[in-house]
Amino acid sequence: MPSSRPPSRAARVFAPGPVTCIEDLRRLAERRVPRMFYDYADSGSYSEGTYRANSADFAKIKLRQRVAVDMTDRTLASTMVGQKVAMPVALAPTGLTGMQHADGEILAARAAARAGVPFTLSTMSICSIEDVAAHTDRPFWFQLYVMKDRDFIHRLIDRAKAAECSALVLTLDLQILGQRHKDVRNGLSTPPKPTLRNLLNLATKPRWCMGMLGTKRRQFGNIVGHVKGVGDMTSLSSWTADQFDPALSWDDVARIKERWGGKLILKGILDPEDAELACRSGADALIVSNHGGRQLDGAMSSISALPAIVQQVGDRIEVLFDGGIRSGQDVIKALALGAHGTFIGRAFLYGLGAGGEAGVTQCLDIIRKELDVTMAMCGLRDVRRVDATILADTDGLLPRAQRASLDPTPDLGAAE
């Protein structure tokens with residue numbers, strides 16, 4: 001699947017000052033992306049309590065700093081679902097990615113490929129499966145929502161297989177939609193509705209508008225033209241409103257697994273009982289996730305839910321993590337609490353909105369450097385050796401059985 005466009009030569013986001021962290025990219029994205037699409041990415045459901053907790057709960061986790069240890073020859077190389085990765089980070093599936101920046105899914109996929117990490121394309125993407133495959137030179141993962149129209153879902157799976165997607169990520173926590181107040185207030189639509197408020201806001205985003213004028217990709221590419229009776233955005237809105245399936249069950253998971261036949265990852269696990277059922281389903285991995293705080297407001301943060309799920313499943317299924325990561329330090333904390341790999345969603349969207357492909361590249365560079373330096377200062381040289389012994393205090397973080405199995409005191413030799 002050769003790329004028909006050369007990779008971007010831009011290594012850094014054009015910004016009035018230095019970009020040092022993900023928060024810098026967020027501020028740039030907020031200035032450059034139309035309000036309705038920025039708010040779509042940067043919001044949670046209802047009071048947004050769980051959305052805020054996803055990030056805030058990372059700050060409560062403290063690390064053990066080590067000194068006078070050999071920090072040379074460090075490596076972040078690992079695997080995720082059997083695939084070699086340059087660091088244990090993947091780009092999460094995010095809807096409307098192509099509305100943060102023109103051709104957003106293609107640009108993000110190319111940046112991920114160059115960084116040596118997986119990219120996951122959402123069912124609700126602007127660029128289609130085929131379009132992304134035609135413009136990238138590495139296999140990517142595909143995320144599937146289960147719709148009532150099972151014929152469409154079967155064809156979507158077959159399209160992902162034809163595009164040689166290397167894993168299927170089945171999202172289980174969107175059977176019904178949690179309300180996101182900002183989307184209601186903004187009258188979210190794709191493309192934007194020509195209201196006076198939206199037109200005035202678009203007038204302040206010339207860079208975004210010029211990009212959109214230069215692309216034909218402005219609607220849900222995986223759906224429009226692939227569903228009977230849905231030929232444009234007007235008919236799409238009424239179709240999607242009634243399509244997410246509240247009757248989704250583990251029997252559906254089994255049928256999808258059989259039809260797909262490849263690596264299957266289950267996304268949206270937040271409870272140990274569901275983690276157990278995920279193990280029994282025969283899936284290759286699960287993702288601890290609360291949908292970025294966009295579904296059940298008041299649910300646990302993903303990082304708070306992670307340890308109990310790791311204890312429940314042991315090594316029977318690979319545990320991945322999604323929710324609230326804004327730095328390399330967040331990545332290492334998730335690994336320390338038992339995740340085998342992590343996903344970033346909003347972080348790469350900020351980079352995309354701030355600077356397109358170069359912005360995603362810079363986001364990944366920031367996280368990689370932070371992860372590398374933090375790992376070294378915790379006294380480790382191989383990311384695959386990260387565990388809870390790098391945490392300063394595991395009380396309240398790990399179930400008692402896991403705490404008892406850890407001895408954070410290093411072997412310094414027998415006393416003389």
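A residue counts as buried under 20% relative accessible area, as exposed over 50% and as partly exposed in between, with a 1.4 Å probe and protein chains only. By that cut-off, 56% of the 416 residues of the protein chain are buried. This is a predicted model, in which local features need pLDDT of at least 70 and side-chain atom pairs count only at pLDDT 80 or more, while totals for chains, interfaces and linings use all residues. Residues are numbered from 1 along each chain as its sequence is written, and side-chain values use heavy atoms, with hydrogens and water left out.

**Overall make-up**

- The protein chain has 16 helices and 10 strands; helices (H or I, at least four residues) and strands (E, at least two) are DSSP runs numbered from the N terminus.
- Of the contacts (heavy atoms within 4.5 Å) with a separation of 6 or more in the protein chain, 74% join residues 24 or more positions apart.

**The sheet**

- Eight strands form an open sheet with parallel pairing, in the order β3-β10-β9-β8-β7-β6-β5-β4; two strands pair if DSSP finds at least two bridges between them.
- β3 (89-91) and β4 (120-121) are at the edges with a single partner strand each, so one side of each has no neighbour in the sheet.
- β4 pairs with β5 in the parallel sense over two bridges, and T120 stands opposite W141 in β5.
- In β5, W141 and Q143 point one way, F142 and L144 point the other way, and all are buried.
- Four bridges join β7 (residues 264-269) and β8 (residues 285-288), also in the parallel sense, with I265 opposite A285 in β8.

**Helices on the sheet and on each other**

- α11 packs on the sheet and touches β5 (141-144), β6 (167-171) and β7, its direction making about 155 degrees with that of β7; axes are lines fitted to C-alpha atoms, for helices over the stretch in contact, and angles run from 0 to 180 degrees between N-to-C directions.
- Helix α14 (residues 328-336) lies across β3, β9 (318-322) and β10 (341-344), at about 140 degrees to β10.
- α11 (residues 250-260) also packs with α12 (residues 272-281), at an angle of about 35 degrees and with the axes 10 Å apart.
- In that contact, W250, V253 and K257 of α11 meet D274, L277, A278 and S281 of α12.

**Nonpolar cores**

- A nonpolar core is a set of buried Ala, Val, Leu, Ile, Met, Phe, Trp, Tyr and Cys residues joined through side-chain atoms within 4.5 Å.
- The largest one has 115 residues, of which L91, L286, L306 and I344 touch the most other members.
- Helix α15 (residues 346-377) supplies the largest share of this core, 13 residues.
- Beyond its neighbours within four places in sequence, L91 is in contact with residues including A108, V117, F119, T120, F343, I344 and L364.

**S302**

- S302 is found in helix α13 (residues 302-313).
- With 0% relative accessibility, S302 counts as buried.
- Leaving aside neighbours within four places in sequence, S302 is in contact with N54, L270, V288, S289, N290, F321, D322 and G323.
- A53 and S302 are 249 residues apart in sequence, with a C-alpha to C-alpha distance of 8.6 Å.
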